[in-house]
Amino acid sequence: MQMMDQEAVAKSLPRRIAINKIVRGLFLGSTLFGLVVLAVLLYDVISDSWGWLNWNFLTSVVSFDAAEAGVIGAITGTFWLMMITGPLTMIIGVATAVFIEEYVKEGRVRTFFETNISNLAGVPSIVFGLLGLTVFVRILGLGSVVLAGALTMSLLVLPIVIVSAQEALRAVPSYLREASYGMGATRWQMIRSVVLPAALPSILTGMILSMSRAIGETAPLIALGIPALLIPLPSSMFDSFTVLPVQIYYWTIDAALNDDLAALAAATIIVLLVMMFILNATAILVRNKFQKRL
Amino acid sequence: MTELSMKKNVSIQEQPEEERESVFEAQGVNLWYGQTQALHNIHLKQREQEVTAVIGPSGCGKSTYLKTLNRMVEMNPEVRISGNISYRGRNIFSRRFPVEELRTRVGMVFQKPNPFPKSVFENVAYGPKIHGIRDKQLLEQIVEESLKGAAIWEEVKDRLHENAFGLSGGQQQRLCIARCLAVEPDVILMDEPTSALDPKSTMKVEELVRELKETYSIMIVTHNMQQAARISDRTAFFLNGEVVECDTTDRIFSNPSDDRTEDYITGRFG
Amino acid sequence: MASSTNVSNLIAEQRSKSKRRKLEKLVPFILAGAASISVLTTAGILLTLMVETVMFFSEVSFREFFTSTDMQPLNRSDPSFSILPLLSATLLSTVIAMFVAVPVGLTTAVYLSEYATDKARRVLKPIVEVLAGIPTIVYGFFAFTFVTPVLREIIPMLDRTNILSPGIVMGIMIIPMVASLSEDALSSVPNSMREGAMAFGATKFEAVVRVVIPAAISGIIASFVLGISRAIGETMIVTIASGSNKNLTFDITQSMQTMTAYIVEVTSGDAGAGTTAYYSLYAVAITLFFFTLAMNMLAKWISKRFREVY
């Protein structure tokens, strides 16, 4: 008795092959969907900002007169924020990663730390904004200044920095650790003289990428009460400030009133994207330059 | 300022073999990885200015034993050890004998050359530096002496500040030996130091081992029986985590007292 | 032969100095101090949210907050507080986003993992991931100034601010997350399983649908759940493009306000500290916090619980 109808199988085969081909095309289209959206988005932003992005825009402070307005204040504020957030998260993040990876034995304590960090990474950024508002702005009484923004932002990106530093530490080959221990190095000597230098490029790459994430963050800073229209540039970490994404936000929500404001928002978006692009390119360069050494 | 001396009193060499002082003495050492026992009741002595070769089929515990001597084996959290090992009369497992001190006195050369991703100079200066020697002139002196001691000075003296990864495998291994010498250890443990090297580099390292034994006590794990015969004074044969036999190399290779040793040496298994 | 500068003696001398031993003992405590910051952050979030939420519920009843339908926090004469309108907006925007992110993300993952050549994958994957790197404020701008006007051409009754447009754009933002996590799950299915199916004459598509996807299903579903969590917590896109009407409705053409957008409105507005509107922030935020936490934990549970052992 024949269990399989060979003729039916042969008959259905062309159809099945055709389905496979169609599906393949559909799935490729779906993959390219992202590319299309990206292109449309960039086109939208560039066409909206056409003619607005010039030297005057980059070097002027904000103004009620759209033609006069610029983003130097927001650029300065963004730089201030990074100058504090970067080193702070680097130090705390790497120290935390070293503690978890090198000093805590696998077991409950390590699981506790790691679970906490991964849960923290999933907390919406607006909730961090509320934490910053309550603790830094109100309880510590800092007000909506650079320092309050930088501390809030540091807590927000810390989980990302920790996780990437942990990965960097784990990637240091064990033979280097053995060589160091074999010479009679203590744990901290081994970490400082072998593990950290070897992991540094990856740690730096991770930090730069997390900074690129931080400069685009908007919600937590708005929650802190960063002002919409601020003329004086910050000159210390206890000054009021604004940043590029917050500037974009206030111009965008008012864009319905005045088309020029949409243009300003679009031009500011380009400035922000260019800064992010530079950060990402730097991260890739750092990684490629040092990758060969190990 | 007197010249830095890397050599100890040579006259000990003249003493009859049996009277040489023992450096390491293991008594009834057992070791477990989790539930599996890897070493069974090991009794072994390592003497001054002698090369002891440890041979045996792979998985017999020879590397494990070597790493027990400088307590590197304990980096695996699963490891449990019982029994006693003394180094120059001091219990190596004692709380009063810091493991860092033990490892400074007992150097180790690994199977795969493992220089740090630093310059040749920094590799050799690593040990002295972590142990608190900062004097630049002294460091330079130590680096030179150590590189000479490891018979690699002539090859690298013009590239001391280049990355050690640029050296050949054989050079890297001798650099690792130089790194070891820089802290003037008492004993050098070598874990199959030539298994990753080509025959020519292997010969150079073997020659070096013969020179080094004038000054240091050396224990070398090897899977190569010719190598053991060429360079060692004494040979210990390990099988399934036990020491089957330990005697002078001559006797082990010419007239072993245990059949299993003979079987292994004549290539009947392993 | 004995020399005064004998290295081993020098080393022994240095060892007896206690300074370095002290540092060695101190370091773990310093590092532990740094590590405690992330723990304190979690504790800080929980504590501030809870304390102020308790204050809120001393003024507004549980029942009003969770069962009434009216949300008018800034109405001076007769404020009312209900989270339901905010929840409905959050729910709707999340559902819309997942309608975009799930099919596109999953098919992208299948294409990249099963169909694409190595070369094509190396080009396509980074492009898809660029979408994840674009700041949400930029997506908000895009939704408000481009997607909404285009949609209004198609659906004339669409409000100028509505939940549909930010929902779609949020979905686009989440595509890379679903795609890359699903792709990880798909590519960890061993080749022998694919070969097993294809050796019986199955086409690639049949092998994917009958063998590969079922084998990777836990990772795929976990990626959806994480996408949901991301959508619930997303703030700027909905704040900009969906306006601030606190309507309890399921009409996607209307302006609605999500929980996250509510927090932005109240913090950037003039609800002074100590008012009920101010405390309501925390009640909303803690609801949001627990929703996303639950989703993240669910995702972890799914991928752990149903992890296939190959």
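This is a predicted model: local features need pLDDT of at least 70, side-chain atom pairs count only at pLDDT 80 or more; totals for chains, interfaces and linings use all residues.

Let's start with chain B. There are 10 helices and 10 strands in chain B. Its radius of gyration is 19 Å, close to the 18 Å that the globule rule gives for 270 residues, so chain B is as compact as a globular protein of that length. If you want the extents, the C-alpha trace of chain B spans about 55 × 45 × 40 Å along its principal axes.

Now chain C. How does the radius of gyration of chain C sit against the globule rule? The radius is 27 Å, well over the 19 Å that the rule gives for 310 residues, so chain C is more spread out than a compact globule. Along the principal axes, the C-alpha atoms of chain C fill a box of roughly 100 × 70 × 35 Å.

Chain A comes in two pieces: domain 1 covers 13–49 and domain 2 covers 58–291. Taken over C-alpha atoms, the centres of those two domains of chain A are separated by 33 Å.

Okay, on to who touches whom. Between chain A and chain C, 65 residues of chain A are in contact with 62 residues of chain C. On the chain A side, the elements giving two or more residues include α1 (6–49), α3 (72–103) and α11 (259–291). Which of them gives the largest share? That's α1(A), with 19 residues. By class, this side of chain A has 45 nonpolar, 15 polar and five charged residues.

The contact of chain B with chain A takes 18 residues from chain B and 17 residues from chain A. On the chain B side, α2 (99–105) and α3 (120–130) each supply at least two residues, and the largest share, four residues, comes from α2(B).

Now the helix pairs. Two packed helices are described by the angle between their axes and the distance between the axes, and I'll do it that way here.

Pair one goes across chains. α1(A) and α5 of chain C (residues 118–133) pack at an angle of about 50 degrees, with their axes 9 Å apart. They're therefore oblique to each other, and the crossing is left-handed. From α1(A) you have A:Thr31, A:Gly34, A:Leu35, A:Val37 and A:Leu38, meeting C:Leu124, C:Ile127, C:Val128, C:Val130 and C:Leu131 in α5(C). That contact is made of eight nonpolar, two polar and no charged residues.

Pair two stays inside chain C: α6 (residues 136–154) with α7 (residues 164–187), at about 130 degrees, axes 9 Å apart. So α6(C) and α7(C) are oblique to each other, and this crossing is right-handed. Among the residues that meet are C:Tyr139, C:Phe142 and C:Leu151 from α6(C), and C:Pro166, C:Ile168 and C:Met173 from α7(C). The residues of this contact divide into 10 nonpolar, three polar and no charged.

That's my walk-through; over to you.

Notes. Residues are numbered from 1 along each chain as its sequence is written. Chains are lettered from A and ligands numbered from 1 in the order in which they are written. Axes are lines fitted to C-alpha atoms, for helices over the stretch in contact, and angles run from 0 to 180 degrees between N-to-C directions. Angles under 35 degrees count as roughly parallel, over 145 as roughly antiparallel, 65 to 115 as roughly perpendicular and the rest as oblique. A crossing is left-handed if the near helix is turned anticlockwise from the far one by less than a right angle, and right-handed if clockwise. Two residues are in contact if their C-beta atoms, placed from the backbone, lie within 7 Å. Ala, Val, Leu, Ile, Met, Phe, Trp, Tyr, Cys and Pro count as nonpolar, Asp, Glu, Lys and Arg as charged, and the others, Gly among them, as polar. Domain bounds come from an automatic or database domain assignment. The radius of gyration is taken over C-alpha atoms; the globule rule is 2.2 Å times the number of residues to the power 0.38.
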